[in-house]
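Student: I have this model open and want to go through a few spots in it. Can we take them one at a time?

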Amino acid sequence: MEVLYGRCAGLDVHQQTVVACARLVEGRKVRQEVETFRTTTKGLRALRDWLGSHGCTHAAMEATGVYWKPVWQVLEGSLELLLAHAQEVRNLPGRKSDVSDAMWLADLMAHGLIRGSFVPPTTVQALRELSRTRTQLKHEVARHTLRIQKTLEIAGLKLTGLISDVLGMTGRAIVEAIIAGESDPATLAQLKQRGIKASQEQLCDALQGRIQDHHRMLLRIHLDLVDALHQAIDQLEVRMGELLAPFRSSVELLKSMPGIKETTARIVLAEIGFEVTRFATAGQLISWTGLCPGSDESAGKRRSTHLRKGNVWLRTALVQAARGAVRKKDSYLRALYLRLRARRGATKAIVAVAASMLTSIYFMLQRQQIYADLGPTHFDLRQRQRVTRRLIRRLEDLGVKVEVKEAA
């Protein structure tokens with residue numbers, strides 16, 4: 001097999017150590033040098049110097065949790081780096097060790113048998129970390145909101161059955177009054193704001209409970225945590241806005257698509273970056289996201305159609321955006337959803353809509369063009385003759401004689 005890189009290295013990265021194997025081609029012989037380094041900054045600098053002393057031009061490492069990131073940051077710029085998916089470079093069980101793994105990576109690298117994973121630029125990495133942290137904090141807000149609802153239910157207050165948002169204007173005012181010591185249902189019901197459909201009597205009946213001191217303490221704790229989380233989210237959004245300022249045009253392009261607002265546009269750009277040329281085709285981007293079924297076929301039979309593992313952050317955001325996009329009437333995405341839902345079910349239809357949105361995003365960013373809706377009649381126009389025959393056959397089944405003429 002042809003050797004593409006005569007001086008390369010394989011790095012087996014762990015939490016505390018990095019095992020490096022330098023594969024050196026000298027004439028017709030291959031020499032391998034193995035050394036172990038600490039993952040501290042001092043140790044990684046020693047690793048960089050060691051690779052340089054052996055004249056290594058390329059290095060490959062597995063994507064092991066977050067442990068590969070400090071190694072990448074120190075070695076970046078000194079040689080060509082390749083991040084490998086652990087599933088694609090797996091060694092044989094029972095014949096592996098840290099040293100053999102490093103040698104195996106070096107051999108694969110030398111012959112060009114490793115397909116590199118997508119490692120975004122520094123700005124996109126920072127934006128990605130901020131975006132993912134924001135998503136995690138939003139989940140924490142939802143958890144603490146559920147705990148507030150749980151505490152109210154335990155105290156006998158059936159507020160969640162009448163108010164959709166327990167931390168809205170009315171719910172927040174009532175919870176604050178309860179924490180302050182108020183327990184009279186009539187007084188609490190008077191805090192109702194405009195927009196609440198529940199009557200005064202219904203609120204009074206729902207707010208009759210047995211509130212104890214520890215309930216008030218729990219409500220105060222959860223409410224303070226929600227406020228602190230919202231403050232942290234605001235700080236993250238401000239910083240994300242600063243990083244996205246030079247790329248504001250890309251955000252506006254994405255917002256032209258139904259279902260995508262400011263937050264979703266930021267998540268999309270944080271995950272795939274500002275240049276989609278890293279992905280050769282839109283299908284490759286969809287596969288990387290995990291919005292297409294895996295290939296699992298044997299003896300001519302497809303054994304599974306489960307989704308591939310992919311970028312869960314981007315996939316979740318796009319599926320949520322798809323649920324909003326299919327609500328827009330007289331649109332292509334809604335027509336696609338209704339067409340697939342009848343045959344494949346609602347869940348698979350939503351995933352297909354999300355994949356279609358990602359395809360559009362790929363070409364929008366590539367061509368720097370706003371979203372162009374194909375319209376609700378796209379499928380009918382594309383399959384006009386087939387639709388015509390189906391409708392005529394249906395009318396004839398109902399006992400109606402049909403004569404077809406072309407419209408002027």
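**Working through the model**

Tutor: Threonine 151 is a place to begin; it sits in helix 4, residues 122-154. Keep in mind that this is a predicted model.

Student: Is threonine 151 buried or exposed?

Tutor: Threonine 151 is buried, because its relative accessible area is 6% and the cut-off for buried is under 20%.

Student: What does the side chain of threonine 151 reach?

Tutor: The side chain reaches the backbone oxygen of arginine 147, at 2.9 Å.

Student: And which residues is threonine 151 in contact with, leaving aside neighbours within four places in sequence?

Tutor: With that exclusion, threonine 151 is in contact with His215, Leu218, Leu219 and His222.

Student: Switching to helix 1. What span should its 13 residues have?

Tutor: Helix 1 covers residues 41-53, and at 1.5 Å a residue it should span 18 Å. The expected span uses one less than the number of residues. The end C-alpha atoms are 18 Å apart, so the model agrees with the expectation.

Student: Which residues of helix 1 are buried?

Tutor: The buried ones are Gly43, Leu44, Leu47, Trp50 and Leu51. Around the axis they cover an arc of only 115°, so they lie on the same side of helix 1.

Student: Why would residues three or four places apart point the same way?

Tutor: An α-helix has 3.6 residues a turn, so residues at that spacing point the same way.

Student: Which exposed residues are on the face turned away from the buried side of helix 1?

Tutor: That face carries Lys42, Asp49, Gly52 and Ser53.

Student: And what covers the buried residues of helix 1?

Tutor: The cover includes strand 1 (7-13), strand 2 (17-26), strand 3 (29-38) and helix 2 (68-75).

Student: Say more about tryptophan 50. Which residues is it in contact with, beyond neighbours within four places in sequence?

Tutor: Tryptophan 50, in helix 1, is in contact with Ala20, Ala22, Glu33, Val34, Glu35 and Phe37 once those neighbours are left aside. Tryptophan 50 counts as buried because its relative accessibility is 14%.

Student: How far apart are tryptophan 50 and alanine 22?

Tutor: They are 28 residues apart in sequence and 9.2 Å apart in space, C-alpha to C-alpha.

Student: What about the backbone just after helix 1?

Tutor: Glycine 55 takes a positive phi there, of about 70°.

Student: Which residue other than glycine has a positive phi near 55°?

Tutor: Aspartate 330 has a phi near 55°. Its place is the loop between helix 12 and helix 13 (332-344). Aspartate 330 counts as exposed because its relative accessibility is 65%, where the cut-off is over 50%.

Student: And glutamine 368, where is that?

Tutor: Glutamine 368 is in the loop between helix 14 (346-367) and helix 15 (378-382). Glutamine 368 has a positive phi of about 55° although it is not a glycine. At 42% relative accessibility, glutamine 368 counts as partly exposed.

Student: Now histidine 58. Where is it?

Tutor: Histidine 58 is in strand 4, residues 58-62. With a relative accessibility of 17%, histidine 58 counts as buried. A polar contact of 2.8 Å joins its side chain to that of threonine 57.

Student: What is histidine 58 in contact with, apart from neighbours within four places in sequence?

Tutor: Tyr5, Arg7, Cys8, Ala9, Leu79, Glu80 and Met109 are in contact with histidine 58 under that condition.

Student: Which residues line the largest cavity?

Tutor: The lining is Trp68, Lys69, Trp72, Gln73, Val119 and Gln125. Helix 2 gives the most to that lining, with four residues.

Methods: Residues are numbered from 1 along each chain as its sequence is written. This is a predicted model: local features need pLDDT of at least 70, side-chain atom pairs count only at pLDDT 80 or more; totals for chains, interfaces and linings use all residues. Side-chain values use heavy atoms; hydrogens and water are left out. Helices (H or I, at least four residues) and strands (E, at least two) are DSSP runs, numbered from the N terminus. Buried means under 20% relative accessible area, exposed over 50%, partly exposed in between (1.4 Å probe, protein chains only). A polar contact is a pair of N or O atoms within 3.5 Å; within protein, one must be able to donate a hydrogen and the other to accept it, and residues adjacent in sequence count only if both atoms are side-chain atoms. Contact means heavy atoms within 4.5 Å. The arc is that of the directions from the helix axis to the C-beta atoms. On a 1 Å grid over the protein atoms alone, a cavity is a set of points where a 1.4 Å probe fits but cannot get out, and a pocket is an open set with protein on both sides within 12 Å along at least five of seven lines; lining residues have an atom within 4 Å of a point.
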